[in-house]
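Biologist: Could you walk me through this model, and tell me which cut-off stands behind each label you use?

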Amino acid sequence: MSHMDDQHDLFRPRGLHGVDHRIVSALRACGSDPRVAGAARALSWAGEHGAVWVAAGLAGAVVDRPRRGAWLSGTALTAGAHAASSVVKRVVRRPRPAHVEPLVGTVGRHSFPSSHATSAAAAAVAFGTLGARAVPPLAAAVCVSRLVAGVHYPSDVAAGAALGALTARLGARWMTGGTA
């Protein structure tokens with residue numbers, strides 16, 4: 001290895017942080033395709049503040065009258081998970097990736113955990129309990145969009161998804177009236 005390579009390695013993150021950097025760089029590069037960038041922007045926009053999940057939950061409550069209460073409870077769990085991630089984000093205060101150009105603007109400057117991933121996973125678990133089969137793949141797409149958009153590290157998304165899934169799983173019995 002040359003001296004130049006040694007100096008270059010001084011600026012390359014190592015360990016988990018380095019893996020996070022390399023993955024977000026690779027996925028952000030996928031956003032150079034205008035179709036991929038457009039999809040990432042649309043999914044990021046839809047997931048802002050859990051809006052798509054609140055809309056899905058309210059739609060479920062309207063359409064599925066016999067389980068209206070469960071849909072509304074699932075919506076509340078999803079919103080609660082999102083709020084919890086916002087609190088964690090203010091405590092951890094991890095900066096967003098600075099080594100890639102983001103495709104979208106962000107509400108805040110902190111990235112851990114991803115609130116988009118938190119609300120997406122919470123919705124996937126909560127609404128999946130009610131048989132909403134389209135929610136988990138859409139939730140996964142929202143999570144990936146945050147990496148393609150260059151605004152989160154994979155560990156942000158993984159932690160957010162874990163927080164959301166755990167929150168919804170813990171609340172599933174309440175949501176379904178004790179039958180989950």
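Modeller: Of the 180 residues of the protein chain, 43% count as buried. Buried means under 20% relative accessible area, exposed over 50% and partly exposed in between, with a 1.4 Å probe and protein chains only. This is a predicted model, where local features need pLDDT of at least 70 and side-chain atom pairs count only at pLDDT 80 or more, while totals for chains, interfaces and linings use all residues. Residues are numbered from 1 along each chain as its sequence is written, and side-chain values use heavy atoms, with hydrogens and water left out.

Biologist: What makes up the secondary structure of the protein chain?

Modeller: The count is 8 helices and 0 strands.

Biologist: Why are α4 and α5 called roughly antiparallel?

Modeller: Helix α4 (residues 51–63) and helix α5 (residues 68–92) pack at about 170°, with axes 7 Å apart. Axes are lines fitted to C-alpha atoms, for helices over the stretch in contact, and angles run from 0 to 180 degrees between N-to-C directions. Under 35 degrees counts as roughly parallel, over 145 as roughly antiparallel, 65 to 115 as roughly perpendicular and the rest as oblique. The pair α4 and α5 is therefore roughly antiparallel. Contact means heavy atoms within 4.5 Å, and among the residues making it are W53 and L58 of α4 and W71 and L72 of α5.

Biologist: And what makes α6 roughly antiparallel to α7?

Modeller: Helix α6 (residues 115–129) and α7 pack at an angle of about 170°, their axes being 9 Å apart. That makes α6 roughly antiparallel to α7. The contact includes H116 and F127 of α6, and V142 and R146 of α7. By class, this contact has 10 nonpolar, 1 polar and 1 charged residues. Ala, Val, Leu, Ile, Met, Phe, Trp, Tyr, Cys and Pro count as nonpolar, Asp, Glu, Lys and Arg as charged, and the others, Gly among them, as polar.

Biologist: How do you know that R146 has no salt bridge?

Modeller: A salt bridge needs a side-chain nitrogen of Lys or Arg within 4 Å of a carboxyl oxygen of Asp or Glu. For charge, Lys and Arg count as positive and Asp and Glu as negative; His and the chain ends are not counted. The nearest side chain of opposite charge to R146 is E48, 4.9 Å away, and R146 is buried. R146 sits in helix α7 (residues 135–148). Leaving aside neighbours within four places in sequence, R146 is in contact with residues including S44, R96 and H152.

Biologist: What makes R94 and D156 a salt bridge?

Modeller: Their closest N and O atoms are 2.8 Å apart. R94 lies in the loop between α5 and α6 and D156 in helix α8 (residues 154–175), 62 residues apart. R94 counts as buried at 17% relative accessibility, and D156 counts as buried at 0%. Salt bridges that share partners join D20, R94 and D156 into one network.

Biologist: Why is R35 called exposed?

Modeller: R35 has 68% relative accessibility, so it counts as exposed. Its salt-bridge partner is D33, at 2.7 Å from N to O. D33, at 23%, counts as partly exposed.

Technical notes:
Helices (H or I, at least four residues) and strands (E, at least two) are DSSP runs, numbered from the N terminus.
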